[in-house]
Amino acid sequence: MTKPGNTEAAPPPLDVTRPSAADRIAAALAEHGVATFEGVTGRAALLRLAAQLGSTTPHPHSDPDGVTTITTRRAPTRPGLAAFTDGDLTPHTDRSSLPSPPAVVLAVCARAARTGGESVLVDGRRVHAALSAHAPEAVADLSSARGVLFGGAAGHLGAIFEQQADGRVAIRLRLDALARFSPRARRWLPLLRQTIRDHSDTLTLPAGHGYVVNNRWWLHGRHQFTGERMMWRVLLDPPSGRIHNGFLPSASPSQQLPHPTMRNST
Ligand SMILES: O=C(O)CCC(=O)C(=O)O
């Protein structure tokens, strides 16, 4: 954990080689929207863990087994490919251009960077609570159903904070060139970016360590790096009803939220 404000003890990463580890990861994911783990010894172990958490959903860049290998593959010739560079990747929702993005993102470090490359996780519930407390108008504008076109012309027109019928709020965000904001939404982007920075947790993941996040509750990204860093990513849809679409907003904007604070896992 790198931010001074968060002093709660972080739960240690769960060891996937221990009995019932997948159940404990699934339980943490359901309760907190996030879990960290260690002990993934290779791609086969990654796929075993993924199969215990849900069904794999393919990505345009994934291999037939559903795993996307994230390395520095190419210069960013067109927008949307920043993951395959050695640059910063702003915290985002995966597959934000789909009407229903996958519920869960599972990411594992296959090879650590020489320098940098820390994973960045952001609790959307905290971002929403902070904005609700200090700029409720921003939350209103960022909740507009026509506020953002995600993913270009054929993408999804929607809100950053989507109100769900069950009272939850589902976050959907990308801040790259494939997001187009309405004037009302655009005026809050500097505040939104700052609030995201204020609520970013960073994790240095050695090989075999990883995280799993509820894709509609937590944003994920990474810092720029040097070296031959390699991550594996799998998008998952857990069995129906196990993972909720989004987070329950805090009852009072100033309420302290219980939070499984992330800590640097090295
Ligand atoms: O490189 C990473 O650690 C994360 C990549 C990522 O966020 C993504 O591909 O969506």
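**Briefing: sheet, helix packing and ligand shell**

An open sheet is formed by three strands in the order 10-9-13, with antiparallel pairing; strands pair if DSSP finds at least two bridges between them. This is a predicted model, in which local features need pLDDT of at least 70 and side-chain atom pairs count only at pLDDT 80 or more, while totals for chains, interfaces and linings use all residues. Residues are numbered from 1 along each chain as its sequence is written. Helices (H or I, at least four residues) and strands (E, at least two) are DSSP runs numbered from the N terminus.

- Strand 10 (156–158) and strand 13 (179–181) are the edge strands, each pairing on one side only.
- Strand 9 (residues 148–150) pairs with strand 10 in the antiparallel sense over three bridges.
- Val148 has Gly158 of strand 10 as its bridge partner.

**Helix packing**
- Helix 3 (residues 124–134) packs against helix 6 (residues 189–198) at an angle of about 130°, with axes 9 Å apart; axes are lines fitted to C-alpha atoms, for helices over the stretch in contact, and angles run from 0 to 180 degrees between N-to-C directions.
- Val127, Ala130 and Leu131 of helix 3 meet Thr195, Ile196 and Asp198 of helix 6, contact requiring C-beta atoms, placed from the backbone, within 7 Å.

**Ligand shell**
- Residues around the ligand include Asp94, Ser119, His220, Arg222 and Arg233; the criterion is a C-beta atom, placed from the backbone, within 6 Å of the molecule.
- Strand 16 (218–222) and strand 18 (230–237) each give two or more residues to this shell.
- Strand 16 supplies the largest share, three residues.

Note on methods: Contact = placed C-beta atoms within 7 Å.
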